[in-house]
Amino acid sequence: VSSVWWDSSAPYSTNDSTPTIRGTGEIGSMVSIDISGTIYTWVVDGSGNWSVNINPALTEWSYSASIIAIDVAGNVSTPTSVSFVVDETAPILTGVVNQVLEVHSGYIDSYVVSDNYRSLTGITVTISGIVNTWVLWTYPITYIAVDNSGNTGTISKIVSIVDTTKPIVTLYGLSEITIEANSVFDDQWAIWSDNYDGTWSILIA
């Protein structure tokens with residue numbers, strides 16, 4: 001067997017229960033693959049390539065394939081071993097819940113990811129969506145976790161930015177004023193301020 005390669009890059013892991021093992025060899029040689037006692041054979045084609053589809057389907061597990069080639073003269077190559085994993089289970093995302101946050105407050109993304117086979121270093125998590133805590137809105141956020149076998153797990157949440165703080169009204173003058181009947185009332189103005197809408201003047205005409 002001149003060379004052997006897998007459909008995916010090392011470490012060899014796939015979510016295909018009927019994966020394909022490929023390689024090159026001497027034209028006309030017969031390639032024999034032993035996986036857990038099941039033998040698969042293929043003849044190297046005129047371009048020096050061979051490709052074996054594993055069928056029936058494999059269960060989720062770690063496997064070792066022992067590969068030999070027998071040329072037309074009957075010479076047997078030294079066995080080549082290829083270890084691989086069949087993993088069809090998606091990573092699991094938890095710790096993601098809908099949130100209601102006050103405008104201008106802080107926001108931190110948080111999630112927990114786990115997988116049946118790969119360590120956490122073998123999983124990539126992409127976060128789709130952004131939250132602007134300075135703008136009142138409802139923001140959808142989606143978390144997408146992909147393991148080395150290509151399995152994908154997703155979870156979504158809604159982050160609502162709200163304003164529940166009452167505005168504050170401040171008088172410039174006295175809160176109680178006594179004036180003579182038929183006299184002119186001079187409004188002393190007032191201002192109101194809000195954590196979201198800013199500060200404005202109030203004049204009663």
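I count helices (H or I, at least four residues) and strands (E, at least two) as DSSP runs, numbered from the N terminus. By that count, the protein chain has zero helices and 17 strands.

**Ground rules.** I am working from a predicted model, where local features need pLDDT of at least 70, side-chain atom pairs count only at pLDDT 80 or more, and totals for chains, interfaces and linings use all residues. Residues are numbered from 1 along each chain as its sequence is written, and side-chain values use heavy atoms, with hydrogens and water left out.

**Whole chain.** I looked up burial, where buried means under 20% relative accessible area, exposed over 50% and partly exposed in between (1.4 Å probe, protein chains only). Of the 205 residues of the protein chain, 29% are buried. I then took the contacts (heavy atoms within 4.5 Å). Among those with a separation of 6 or more in the protein chain, 51% are between residues 24 or more positions apart.

I call two strands paired if DSSP finds at least two bridges between them. Four strands make an open sheet with mixed pairing, in the order E10-E14-E13-E12. Strand E10 (99-102) and strand E12 (124-128) each have a single partner strand, so they stand at the edges with one side left without a neighbour in the sheet. From one strand to the next the twist averages 25 degrees, with axes as lines fitted to C-alpha atoms and angles from 0 to 180 degrees between N-to-C directions.

I followed E12 to its partner. E12 and strand E13 (residues 137-146) run antiparallel and are joined by five bridges. One bridge I noted sets Thr 124 against Val 146 in E13.

**Aromatic pairs.** Rings of Phe, Tyr and Trp (its six-membered ring) pair if their centres lie within 6.5 Å; planes under 30 degrees apart are stacked, over 60 edge-to-face and the rest tilted. I searched the whole structure and found two aromatic pairs.

Tyr 63 and Phe 84 are stacked, because their ring centres are 5.4 Å apart and their planes stand at 20 degrees. Tyr 63 is in strand E7 (residues 61-70) and Phe 84 in strand E8 (residues 80-86), so the pair ties together parts 21 residues apart in sequence. Both Tyr 63 and Phe 84 are buried.

Tyr 111 and Tyr 143 form a tilted pair, with 5.6 Å centre to centre and 55 degrees between the planes. Tyr 111 lies in the loop between E10 and strand E11 (112-114) and Tyr 143 in strand E13, so this pair ties together parts 32 residues apart in sequence.
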